[in-house]
Amino acid sequence: MSLANVVVIGAQWGDEGKGKITDLLSRSADVVVRYQGGVNAGHTIVVEGKVLKLHLIPSGILYPSTICLIGPGTVVDPKVMLSELDMLIENSIDISGLQLASTAHVTMPYHKILDQAIEQRRGDNRIGTTCRGIGPTYTDKAERIGIRVIDLLNEDQLRKRLLGPLKEKNHLLEKVYGLQPLDAEDIISEYIDYGRRLAPHVVDSTQVIHQAARSRKNILFEGAQGTLLDLDHGTYPYVTSSNPVSGGACTGAGVGPTLIDRVIGVAKAYTTRVGEGPFPTELEGQLNDHLCARGNEFGTTTGRRRRCGWFDGVIGRYAVDVNGLDCLAITKLDILDDLKEIKVCVAYQLDDRRINYFPSSVEDFAKCKPIFKTFPGWQSSTSDCRCLEELPENAMKYLRFLAELMEVPIAIVSLGANRDQTIVVEDPIHGPKRALLMNG
């Protein structure tokens, strides 16, 4: 399939299966750019039966001719990144195409310690972070006291950047949280070593991206997490610390919106979320356990069990709006194969009102009760289907309804973890906007 310059985003609360879709599209991409987030994200790719779990490195690394750039909008834990590189090397995967923006910010030891201490102190008001130091890293970036990748390449510069902030962090660790302070020289020694190992991959990302654009290369922008975890547009405060929405690709990669040709949203055939926060369609009991078990709903990064619920069309339409989605990829349709009936949330009941929009107040959102439309299940396996004609009739009816509800076509249907368990309805980049939105 052909590509232009495309953004792939999660249309729910993350964990939608973006890794597989990005992997599929990366076959035709010249450059894949990860534009936000850090090791709090996770992609699981299954290649020839082998499971590869990536947290920071774009899944395009599996294609030797593809440049994979970790952009300036990301935050980088160099220890985790190097362990991922070692894992890829052990699996005989060429990492020569991996590039790291010199201006990406670095997660330091105190960021992780503070993340854990702050979350623990919140008690019942905890957000449900991964405790990987992502929020504190972005906080230091906003406060202009962060450490960047380029600082790891020069010991004198790292010492200059580190000493002031570390003095403040040690005060917090000791006086507020009763924890041991960190030694500056130990950190410098450790992180300069990381810098030496990462140096061959460090680049000026602006030059890389815009040279590729001038050369008419195909660029794929890859987001982490999902729309409802966006710092500005999600279920605040139960969100991540960056902007997973498509607009985040512009700031996180350093490109103007005119460079982007298409935006593809990835959504599960049901809904999940990890961590705290409201979840109107959340299921309980046996049905929740069934979806969790069949869907292997455990976080790639933390191993935490995901909360499962029916497909939420209200947040789906919201994701279409805030991202400007051109088409959808629906994943894990096969997980619903055994069910006698399947529900879709088409609106909410908020107090005595029916609403069909996502409320900006998290308190109002917590009070929303889902209004469902019920569909008969198909109760037959879809995992071996490779074209629409092979899908059960009720599965097709379900997909058509999702497309009509979200008012955007479905271009890809995923029916399992393996690469070949995919139906590509039509070219999701250049095809006409019809696909499953129409009756054809």
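**View 1. Helix α9 has a buried side.** In this predicted model, helix α9 spans residues 285-294, and its buried residues are N288, L291 and C292. These three cover an arc of only 100° around the axis, so they sit on the same side of α9. What do the buried residues of α9 pack against? They pack against β13, residues 307-309. Now turn to the other side of the helix. There, Q286 and A293 are exposed. Just after α9 comes N296, which takes a positive phi of about 50°.

**View 2. Strand β1 is mostly covered.** How many of the five residues of β1 are buried? Five of the five are. The strand runs from residue 6 to residue 10. In a regular strand, side chains alternate between the two faces of the sheet. Look at each face of β1 in turn. On one side are V6, V8 and G10, and these are buried.

**View 3. Strand β1 pairs with β11 and with β10.** Strand β11 covers residues 262-268 and pairs with β1 in the parallel sense, over five bridges. Within this pairing, V6 stands opposite R262 of β11. Strand β10 covers residues 219-222. In which sense does β10 pair with β1, and over how many bridges? The pairing is parallel, over three bridges. Here V7 stands opposite F221 of β10.

View 4. The loop containing D15 sits between β1 and helix α1, and α1 spans residues 18-26. Is D15 buried, exposed or partly exposed? Its relative accessibility is 26%, so D15 counts as partly exposed. The reason is in the cut-offs: buried means under 20%, exposed means over 50%, and partly exposed is in between. Which residues does D15 touch, leaving out those up to four places away in sequence? D15 touches K268, T272, V274 and R306. One of these, K268, belongs to β11, residues 262-268.

View 5. The unreviewed UniProt entry gives D15, H43 and K141 for "active site". For "binding site", the unreviewed entry lists D15 and G42.

How values were computed: Residues are numbered from 1 along each chain as its sequence is written. This is a predicted model: local features need pLDDT of at least 70, side-chain atom pairs count only at pLDDT 80 or more; totals for chains, interfaces and linings use all residues. Side-chain values use heavy atoms; hydrogens and water are left out. UniProt positions are given in the numbering used here, feature names are shortened, and annotations may be inferred rather than shown by experiment. Helices (H or I, at least four residues) and strands (E, at least two) are DSSP runs, numbered from the N terminus. Buried means under 20% relative accessible area, exposed over 50%, partly exposed in between (1.4 Å probe, protein chains only). Contact means heavy atoms within 4.5 Å. The arc is that of the directions from the helix axis to the C-beta atoms. Two strands pair if DSSP finds at least two bridges between them.
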